[in-house]
Amino acid sequence: MSTPLLDIEDLSITFGEKTAAVRGASFQIGRGETHCIVGESGCGKSVSALAIMNLLVRSAKRTAKRLSFAGEDLLGMDERKMARIRGNRMAMIFQEPMTSLNPAYTIGSQLTESYRRHKRAPQSEAVERAVKLMGRVGITAPEIRLGQFPHQLSGGLRQRVMIAMALMCEPELLIADEPTTALDVTVQAQILRLLNELKDEFGLSILLITHDLGVVARVADHVSVMYAGEVVERASAAQLFADPQHPYTRGLLSCIPVPGRLDRDKPLGSIPGVVPQIAVGFGGCAFRSRCSFADGECAGQIPSQTATAGHTYLCRLTPASQRERATA
Amino acid sequence: MAGGIFTQARHVIAVDGVSLSVPAGSVLGVVGESGCGKSTLARLILGLMAPTSGDTLVHGQSLASLDRKARARLIQPVFQDPFSSLNPRQTIQEIVSLPLVAQGTYKREEIVKLTADILDRVGISRVMATRLPSELSGGQRQRVAIARALVIKPKVVVCDEPTSALDVSVQAQILNLLSDLRRDFNLTYLFISHNLAVIEHIASTVAVMYLGRIVEMNETDALFRNPRHPYTRALLESVLTPDPSLGIPDVGLGDVIPDPSNIPPGCRFHPRCRIAVDRCRHEAPKPAGGDGRMVECHLATPDSPLQLVGGQYAQA
């Protein structure tokens, strides 16, 4: 792609001496693109997002071959410069709007805060923009909301407030960490529609982190599947669902109960075991303890294979060899 | 049954006139969104809350007439959050034995054996049994919660979103376990979930709740094939199946938020209903049907097959 908006190569994050939360992950996000990072607990997806914004706890260490935003290096950037990007050109929304909105401040003051700071705008201008954005994201009676507190709003409304807050400074990149997981399914559909519309309207790129493959299928242009700190498969959404390559991706897809397509007498596909904790210095494939096709060689170096252009995965085996092993 | 909770001076009727009949050995799935009253219903049935009116009968026995210990022998819960439902300061063994110890009628050797047996059955090893909950994963803790519910061999298990807090691959393991246990122990489940696909997989009958009432109930296959209430349809159309050729559905529910402390007049769903007419605004619909099949809507379609076309329901 032409210069990606977000270009990350070989990102690694360790906590203390022992835990390797992310190990050599790479992501590229183009302008106007929705990129989903999908994975389960402990895969490193949320931590990767925090690393991009440099919001990790002090005991965490991040390293990468490249970590750049709109051509600017973020790794070596000092905090003052980073603070001008955060909330301004790059914004983030989180899973639990109740814990990420400050309960002690009004909606209005939280919405206007970053705009006033980054754009050095007067309060009146910030309020006008806040009201306009709240209307745009579907918040009814926006003038009244200005004076309300987070606890007076429902979960869906709070999440809309978070989205409005993130858009106040017209960011180029929106990082959304599980933005709809805590919401009812009908509200989820509304919020995702909204994000899609805003993407087109504002020319946004969206990095959406989720564990829900249904969400991924409906909104993603490109997908990175993470497991235990690594990107085990990367593809366009169409490629990933049509032709998943990595045993973990395929296992995950088989676990999802889909309404209307169920055979109630057959048990659901599941992946036995639990996600391992990876220590620094771990070698070989992290999935091998749960993989039905693994053998002794999976403890060694794992190559990156290419299925088709733009579709890569980390496994010694192709799906054809996996099938052979399954029937053997 | 009606259950209310008081918030300041306002009276919230969280569950309003709900009647259910669940045959032994079956699974009744209850679906609905925030504010529909499904969790309150669970608490009422478990006896954790006293109903304002109405009663729950298990095998013809009124729960209200039983003391806490007798009730515990009949009905047990499995809750959503595996992190807060287990005492962090007790070992797995102690947690799972507690229902037996609390009865006061079991001998020590019986307790030890029953606990070991059930832990084995849910896939928790002897070693793990001596650990604290903080040392187990979410899926393992949920297995412990299930073991604790079953150690006393109840008749009914009320599962309130038992897999919603778990990863997808673990969720499947737990659902398979619950299905197996139901068959082995001939249990009856009341299974609450907002996840329709999970419900379709495990339930034999489904009840759809909205703002405190059941608006539709039917056998699972029939409900998913032919949802008759507009809310059920919207709910099913909102489910995001992993199909990249489809976009995000616009189910047309509007922006009004269902508020149990402010129930609309007439049909309580009318402010969000795509097909509401004047009658719906003034007159509450009566439940129509019987025998485990009902729908409460002035405009419910007759029992004719619908098709799911491009993510939306239409007449076949």
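**Exercise 1. A helix on the sheet**

Which strands of chain B does H10(B) lie across, and at about what angle does H10(B) run to E9(B)?

*Solution.* The model is predicted.
- Step 1. Find the strands: H10(B) lies across strand E3 (27–31), strand E9 (205–210) and strand E10 (213–219) of chain B.
- Step 2. Read the angle: H10(B) runs at about 105° to E9(B).

**Exercise 2. The sheet of chain B**

Work out the strand order of the open sheet of eight strands in chain B, then name its edge strands.

*Solution.* 
- Step 1. Write the order: E6-E7-E8-E3-E9-E10-E12-E11. The pairing is mixed.
- Step 2. Look for strands that pair on one side only: these are strand E6 (75–78) and strand E11 (288–290) of chain B.
- Step 3. Zoom in on one pair. Strand E7 (residues 156–160) and strand E8 (residues 188–192) of chain B pair in the parallel sense, over five bridges. Val156(B) stands opposite Thr188(B) in E8(B).

**Exercise 3. Two helices within chain B**

Describe how H3(B) packs on H4(B), and say which residues meet.

*Solution.* Two packed helices are described by the angle between their axes and the distance between the axes.
- Step 1. Take both values. Helix H3 (residues 92–103) and helix H4 (residues 108–122) of chain B pack at an angle of about 125°, and their axes are 9 Å apart.
- Step 2. Classify the angle: H3(B) is therefore oblique to H4(B).
- Step 3. List the residues. H3(B) brings Gln93(B), Val96(B), Ser97(B), Leu100(B) and Val101(B). They meet Ile111(B), Leu114(B), Thr115(B), Ile118(B) and Leu119(B) in H4(B).
- Step 4. Sort by class: this contact of H3(B) with H4(B) has seven nonpolar, three polar and no charged residues.

**Exercise 4. The two domains of chain B**

Locate the two domains of chain B and describe the contact between them.

*Solution.* 
- Step 1. The domain assignment gives domain 1 (2–203) and domain 2 (225–316) of chain B.
- Step 2. Take the spacing: their centres, over C-alpha atoms, are separated by 30 Å.
- Step 3. Count the contact. Domain 1 of chain B puts in 10 residues, and domain 2 of chain B puts in eight residues.
- Step 4. Trace the domain 1 side. Strand E2 (10–16) and H8 of chain B are the elements that give two or more residues to it. E2(B) gives the most, with three residues.
- Step 5. Sort that side by class: five nonpolar, four polar and one charged.

**Exercise 5. Where chain B touches chain A**

Find which helices of chain B supply the contact with chain A, and follow one helix pair across it.

*Solution.* 
- Step 1. Count: 38 residues of chain B are in contact with 40 residues of chain A.
- Step 2. Name the helices of chain B. H7 (168–185), H8 (196–202) and H10 (230–238) each supply at least two residues. H7(B) gives the most, with six residues.
- Step 3. Sort the chain B side: 21 nonpolar, 11 polar and six charged residues.
- Step 4. Follow H7(B) to its partner. Helix H11 (residues 247–255) of chain A packs with H7(B) at an angle of about 50°, axes 9 Å apart. H11(A) is therefore oblique to H7(B). Their crossing is left-handed.
- Step 5. Name the residues. Gly251(A), Leu252(A) and Cys255(A) in H11(A) meet Val168(B), Ser169(B) and Ala172(B) in H7(B). By class, that contact has four nonpolar, two polar and no charged residues.

How values were computed: Residues numbered from 1 in each chain as written. Chains lettered and ligands numbered in written order. Predicted model: local features only at pLDDT ≥ 70, side-chain atom pairs only at ≥ 80, totals over all residues. Contact = placed C-beta atoms within 7 Å. Helix = DSSP H or I, 4+ residues; strand = E, 2+ residues; numbered from the N terminus. Nonpolar A, V, L, I, M, F, W, Y, C, P; charged D, E, K, R; others polar. Axes fitted to C-alpha atoms, helices over the stretch in contact; angles between N-to-C directions. Parallel < 35°, antiparallel > 145°, perpendicular 65-115°, else oblique. Domains from an automatic or database assignment. Pairing = 2+ DSSP bridges. Left-handed = near helix turned anticlockwise from the far one by under 90°.
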